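Let's take a walk through this structure together, one region at a time. Have the sequence and the 3D view ready.

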Amino acid sequence: MNFATQESAEHILRELYPHAQSIRFVEHGYDNLVGLVDDRFAVRFPRMHSAYLRSQYERLVLSDLASLESIAIPRVLGAGEDPPYLVTSFVRGEHITWREISGFPEVRQKKIGRDIARFAFAMHSLLSVQRAREYRGTWGLDAQAEQPWDVHLDKYLNQHEFPTPDQDSLAKAYYHRWREQAYTTPTVVLHDDLHMENLLFENAELAGILDFGDTNIGRPEQELRQMYRINETVLEAAVAEYERLSGYKLNLEACKIWAIVQALATYAEMIAGHKTDHPGFARAVSDLQRWLPEGGWGAMVKEPKDCYTK
């Protein structure tokens, strides 16, 4: 299979949309190139085989979410092969940071939390765990994807030695707290990547959700962990709304612990890979300084940026 370069991708888009007024390209990580056509269509060109498999999986997930109306999401409009590409609708909105949200009036912060919870509940209700497993099996995602969370966290929190004794003690303590959490919520199909770069806003209100390629299987607490990365006000509002909609009692502490262990694992992974200049490392440090200041996380990084990694 041949994968598109920017030159070949632009040629394809000119053929698909000969009357387009504007065609521009944006990077979508290192593994995809995305062409935006008149701010009406988004065409994703995978750059490697693993990205192609995820795009095929995402196409199926988005098709199953076609009836979701609570928030704007990409709608599948077409696809091509050799080179492969996926055409979806363009989702309008702008990115804002967690710092900006934390500066909003409390009533607006809570509304953002409730809106995210409504989206999460709607998505969890529409997607079948069995079908998601079948889709993942069809496209071999479990064989080529990132490590499952339990393996990932065991490797970087339990087995890895952190730079200082205080950090190592905190990491292992939170890993064991994560392992010991009890849940009464069901297993559902998660977006699993509801960080700020995948949330779009208009007039400071949630307007759209992007990037369904990392859809996974887990608990609602795992899904809502990203709200703690904004602040506790947003998280608590999201948990309360999800409980109201679902009738389940969520483990609020588990949401927080999920966020903390993810940041700890990113911190360890970036140090082990000598990637302390990566923006994801800076983001993990920023989070850990807020949540666990006694760990002294900031010695190895300059100004943190708003960027995420697993």
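Let's begin with Glu243, which touches Tyr248, Lys249 and Leu250, leaving aside residues up to four places away in sequence (contact means heavy atoms within 4.5 Å). You'll find Glu243 in helix α11, residues 232-246. Helices here are DSSP runs of H or I with at least four residues, strands are runs of E with at least two, and both are numbered from the N terminus. Glu243 is buried, with a relative accessible area of 18%. The word "buried" stands for under 20% relative accessible area, "exposed" for over 50%, and "partly exposed" for what lies in between, using a 1.4 Å probe and protein chains only.

A quick word on the model: it is predicted, so local features need pLDDT of at least 70 and side-chain atom pairs count only at pLDDT 80 or more, while totals for chains, interfaces and linings use all residues. Residues are numbered from 1 along each chain as its sequence is written, and side-chain values use heavy atoms, with hydrogens and water left out.

Next, look at the loop between β6 (188-190) and β7 (199-202), where Asp192 sits. His191 is found in that loop between β6 and β7 too. His191 counts as buried, at 0% relative accessibility. Its contacts, not counting residues up to four places away in sequence, include Phe119, Met123, Asp211 and Glu223. From His191 to Pro74 there are 117 residues in sequence and 13 Å in space, C-alpha to C-alpha. As for Asp192, it is buried with a relative accessible area of 7%, and it has a positive phi of about 70° although it is not a glycine.

The peptide bond from Asp82 to Pro83 is cis, with omega near 0°. Phi of Asp82 is near 50°, a positive value in a residue other than glycine. Asp82 is partly exposed, at 49% relative accessible area.

Now for the helices. Helix α4 (residues 106-126) has 21 residues and reaches 31 Å from its first C-alpha to its last, close to the 30 Å expected at 1.5 Å a residue; the expected span is 1.5 Å times one less than the number of residues. Among the buried residues of α4 are Ile112, Ile116, Phe119, Ala120 and Met123.

Helix α7 (residues 149-159) and helix α8 (residues 165-180) pack at an angle of about 155°, with their axes 9 Å apart. Axes are lines fitted to C-alpha atoms, for helices over the stretch in contact, and angles run from 0 to 180 degrees between N-to-C directions. α7 and α8 are therefore roughly antiparallel to each other (angles over 145 degrees count as roughly antiparallel, under 35 as roughly parallel, 65 to 115 as roughly perpendicular and the rest as oblique). Trp149, Asp150, Leu153, Asp154, Leu157 and Asn158 in α7 meet Ala171, Lys172, Tyr175, His176 and Trp178 in α8.

Which helix pairs with α2 (residues 49-64), its axis coming within 9 Å? That is helix α5 (residues 129-138), and the two axes cross at roughly 160°. This makes α2 roughly antiparallel to α5. Tyr57, Leu60 and Asp64 in α2 meet Arg131, Ala132, Tyr135 and Arg136 in α5.
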